[in-house]
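Welcome! Take a look at it first, and then read on.

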Amino acid sequence: TSLDISQKRVVGIGHAGHATFWGPEALTRKAKDPYMHHSLPACGPVEILRFRPFQDVCSIGHAKGMSSIVIPGSGEPNLDTSEYNLDPFQDKRQRREAEVR
């Protein structure tokens with residue numbers, strides 16, 4: 001079993017051969033139905049589930065490898081590249097040339 005919370009407070013739970021995603025309201029009160037459900041019947045049990053920062057993508061590690069699925073609304077929509085060391089698309093040259101504060 002694996003659990004992760006996205007930047008927009010979507011809760012992802014990986015259990016057996018399934019991944020269940022609950023909306024942000026599930027953190028404060030009991031929700032009736034999940035936001036999304038994804039089944040991985042031929043992949044074996046889910047070993048790890050993690051959300052990608054600044055993207056609506058969830059990576060699921062299982063016995064036969066890795067799967068990536070889109071979870072709409074789970075990632076932070078505004079990437080603030082003016083903050084130091086926050087640009088995930090920064091290459092080696094950009095890191096070297098970054099302003100030291």
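Predicted model: local features only at pLDDT ≥ 70, side-chain atom pairs only at ≥ 80, totals over all residues.

Two strands count as paired when DSSP finds at least two bridges between them.

**Two open sheets**

β1 pairs with strand β2, which covers residues 11-15, in the antiparallel sense, and 4 bridges join them. Within this pairing, L3 stands opposite I13 in β2. Both strands belong to an open sheet of 4 strands, ordered β1-β2-β3-β4 with antiparallel pairing. β1 (2-5) and β4 (36-39) are at the edges and have a single partner strand each, so one side of each is left without a neighbour in the sheet. From one strand to the next, the twist averages 15°.

There is also an open sheet of 3 strands, in the order β5-β6-β7, again with antiparallel pairing. Here β5 and β7 (65-70) take the edge places with a single partner strand each, so one side of each has no neighbour in the sheet. The twist in this sheet averages 20° from one strand to the next. Strand β6 (residues 57-62) pairs with β7 in the antiparallel sense over 6 bridges, and S59 stands opposite S68 in β7.

| Strand pair | Sense | Bridges | Residues opposite each other |
|---|---|---|---|
| β1 and β2 | antiparallel | 4 bridges | L3 and I13 |
| β6 and β7 | antiparallel | 6 bridges | S59 and S68 |

**An aromatic pair**

How many aromatic pairs does a search of the whole structure find? The search finds 1. The ring centres of F21 and F51 lie 6.0 Å apart with their planes at 70°, and since planes over 60 degrees apart count as edge-to-face, that is the kind of pair they form. F21 sits in strand β3 (residues 18-22) and F51 in strand β5 (residues 46-51), so the pair ties together parts that are 30 residues apart in sequence. F21 and F51 are both buried.

**A buried charge**

Now for D4, which has its place in strand β1. Which side chain of opposite charge is nearest to D4? That is R50, at 4.6 Å. A salt bridge needs the charged atoms within 4 Å, and D4, although buried, has none. The side chain of D4 does reach the backbone nitrogen of F51, at 2.8 Å.

Notes:
Residues numbered from 1 in each chain as written. Heavy atoms only, no water. Axes fitted to C-alpha atoms, helices over the stretch in contact; angles between N-to-C directions. Phe/Tyr/Trp six-rings, centres within 6.5 Å; stacked < 30°, edge-to-face > 60°. Buried < 20%, exposed > 50% of the residue type's maximum accessible area, 1.4 Å probe, protein only. Lys, Arg positive; Asp, Glu negative; His and termini not counted. Polar contact = N/O pair within 3.5 Å; in protein donor to acceptor, adjacent residues only side chain to side chain.
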